[in-house]
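Visitor: I am new to this structure, and I would like to learn how to read some of its features. Could you show it to me and then take me through them slowly?

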Amino acid sequence: MAQDENETNHEEEVPQDGEGQLQDVVPLSGLYEDWFLDYASYVILERAVPAVEDGLKPVQRRIMHALKEMDDGRFNKVANVIGQTMQYHPHGDAAIGDAIVGMGQKELLLETQGNWGDIRTGDSAAAPRYIEVRLSKLALEILYNPQTTDWQLSYDGRKKEPVTFPAKFPILLAQGVEGIAVGLSTKIMPHNFQEICKASMDVLKGKKTNLLPDFLTGGMMDAQDYNEGLRGGKIRVRAHIEEHDSKTLAIKDIPYGVTTTSLIESILKANDKGKIKIKKVVDNTAKDVEILVSLAAGQSPDVTIDALYAFTDCEVSISPNACVIIKDKPVFISVNELLRINTFQTKELLRRELEIRKGELMEKLLFSSLEKIFIENRIYRDIEEVTTWEGVIETIDEGLEPWKPEFYREITRDDIIRLTEIKIKRISKYDSFKADELMRNMQEELAQVEHHLAHLTDYAIAYYQKLLDKFGKGRERRTEIRSFDTIKVHAVVANNTKLYVNRKEGFIGSGLKKDEFVQDCSDIDDIIAFTRSGAFKVVRMGDKVFVGKDIMYVGVWKKGDERTVYNAIYLDGKSGRSMVKRFQVPAITRDREYNVTKGEKGSKVLYFEARANGETEKVTVTLSQNSRARIKVFEFDFGEVDIKGRGAGGNIMTRYPVRNIKFKMLGESSLGGVDVFYDATIGRLNTDERGDKLGSFQTEDRILVVYKNGQYELTDFELTNRYEPQQVMLIEKFDPEGIISAVYKDGESKELYVKRFLIETTSLNKKFLFITDHRSSKLEVITSDPAAQLEITHKAPRKGEPEEVVTRDFDILIDVKGWGAKGNKLSQKPVKKLKLVANEKPAVEEAAKGGEDGKDDGFAAGDTIDLFSK
């Protein structure tokens, strides 16, 4: 209580001024709001956001002013520039140093010397005492003119500094800028110097412009949604990625705002998460960017490139937000409008410079004329007898009187005083001819200036053209403009987990390792599951997810999949009828339950199959023995049922109770053929147009694969098929009538044999040896092209003699025989080289990319093989 009294007494002791009067008490109410607004305004206007006039932030403007004050044509230590800049404002030395380095790395206004770091690698610049800088010729050309600059006093009143520079070029658009203020931010992309000059000329010509960003780091850019740099727009920037070889990718540049270090970290992070599968990353960046990415075994370069764009910083999305200070207020503005403002500002500055130059020339002409009259008419002699200064002024004024009407303005006292300051030496050596010549030159220049003023737009266009010619070389566009397709993440992500199912309990996921394995998948895949009751849903892959008890089918679901067709027969609980339906699920709401049946109590699924290519099928239906049906066993063809939506009730198959349904045979696809491609790098089939097209496949079609060891195999076209790419010599759509022509080396006799045969076997996934069974036997040439010819080069009989080259048709060399026949000897003479010649296009598919050295070991049409060296 005593403490409270003391506090109360203390508050009553109000300070008094010297006369004993009470001072004003300032209430706290409202101060915070006022101070916060003052602070926000200060940060916006004096730190983060550039001015529209010169495109510079205050610290950048003071740096450029300090450099101009120090400019003598030589380089200056950055440490000295920092000190000079601090005379105009007490910025921190680190802040000034960082700003100088940032401007120097943009290679526009500053010329640098020393280690200035690298925006590509993220390496920082050396200490300010080690690096040097000076103004670039471009900066001196476009930025400085004391006569058109508005000046203000520095923070302490000791120095003058520019309010803004009279910039005669859109510096802001060329450099770009980023800044975060209180309550707003700005992000303007850099643009190409040459394109800015051309666009400015288009503005002056009244044409529409469309400026797009350009980055020093190069790369590729999709600017379809750029929205002229306004809020809400975005651009996608990608690195160039090339196939260094079949097992290595090379990243040749990096997106804007990304460094090689951060890019490599993002690649390693994606690998750790299983999004991509790689062995190692090597950074070989020196003069040019080069990051080598070694792929894990079995990984396709094409798929991995897409995965790098999808999961790493090889592709970044940038959201521009153009904001500048106009008349002391932040304004959000498009880059094309900003270009227009700067272009017309340049035109106005050029007008002011011309007006200033016109005034200077007119004043020079006026004084030159006064001087000529003063000397040639010997007016200076009239003042020899005058004793007073005023008398001298009056005498000269009277002497000039006859010529005054010819001058563009009145002759002032100052003009006359200047005449009195002419030295006797100049008067004695005055050359009238030279004076006339000088005045004539000034008159010509004045006429030219007046012409430029009368045709100011043409003059401004010529100015930008001069900038383009003088400074445009070496500033070509570095970022390639492209349109990017949206990468389907699910299609390129590596399989980094396994899908298991507990059918009875109704769980699916990657953590059920003691239960039934379904397939490999990724942790971002969607999984579709159907239960015996007819309920189905799509869920995100997880460790353990409940989808419903008694699961009859589970698999990876792909959004937009229009080829997978579900064939189902179900019992309708209300009517007791067995219904049949075929449906697709191209789109669905995740975690929402749907039903194959009509949802009536007692309904259940009797038969269910998922067909990846929309195939029909035939089933054998057995009815209950107690049914009154006359035919209790019959076949049903799903081809009789149209494909409809998932909510359709289906068609009636039978009104009688069904005992069981068994699969009999697979039919043709209802969706037509599917285009299948072979990716020779990983030995996998796909429908994503990666690799070589094998053809359009129907259900009964097969793929023929021929291996280097002399075996062939027929397979279906399931995308899960795997082939050994190093061993595959021919892979194509199987033609039962197609004749295979081959040349092989017999391992025992070392002789070359030729044979032609038909594929007579029908077994799938079984290999058949069609050359001699010897461990050294090897297939040399294989083709299914009926028009192919074989060019044979024989060894020269003796040294110095020419080699014999003959060309033979395969059907001349041998008739068609069985696939197990040995064949005929190719030639009685030693063979050095073989070359397969096709009439139109190569028939041999050298599918694999060779052995461990990455070179082709096989033999394709048009290739030559040196048998003698082997």
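This is a predicted model: local features need pLDDT of at least 70, side-chain atom pairs count only at pLDDT 80 or more; totals for chains, interfaces and linings use all residues.

Visitor: What is a salt bridge, and how many does the structure hold?

Guide: Side chains of opposite charge can pair when their charged atoms come close. The term is used here for a side-chain nitrogen of Lys or Arg within 4 Å of a carboxyl oxygen of Asp or Glu, and the structure holds 43 of these salt bridges. One of them joins Glu401 to Lys404, with 3.2 Å between the closest N and O atoms.

Visitor: Which parts does the salt bridge of Glu516 and Arg503 tie together?

Guide: The side chains of Glu516 and Arg503 meet with 2.8 Å from N to O. Glu516 lies in strand β20 (residues 516–521), whereas Arg503 lies in the loop between β18 (497–502) and β19 (507–509), so the pair ties together parts that are 13 residues apart in sequence. Strands are DSSP runs of E with at least two residues, numbered from the N terminus.

Visitor: Are Arg540 and Asp526, which also form a salt bridge, buried or exposed?

Guide: Buried means under 20% relative accessible area, exposed means over 50%, and partly exposed lies in between, using a 1.4 Å probe and protein chains only. By that scale Arg540 is partly exposed at 38%, while Asp526 is buried at 6%. Their salt bridge spans 3.3 Å from N to O, and, because Arg540 lies in strand β22 (residues 535–540) and Asp526 in strand β21 (residues 526–531), the pair ties together parts that are 14 residues apart in sequence.

Visitor: Where is Val585 placed, and which residues does Val585 touch?

Guide: Contact means heavy atoms within 4.5 Å. Val585 sits in the loop between β26 (578–583) and β27 (594–595), and Val585 is buried, with a relative accessible area of 2%. Leaving aside residues up to four places away in sequence, Val585 touches Ile528, Phe536, Trp557 and Tyr566. By contrast, the C-alpha atoms of Val585 and Gln448 are separated by 77 Å, and these two residues are 137 residues apart along the chain.

Conventions
Residues are numbered from 1 along each chain as its sequence is written. Side-chain values use heavy atoms; hydrogens and water are left out. Helices (H or I, at least four residues) and strands (E, at least two) are DSSP runs, numbered from the N terminus.
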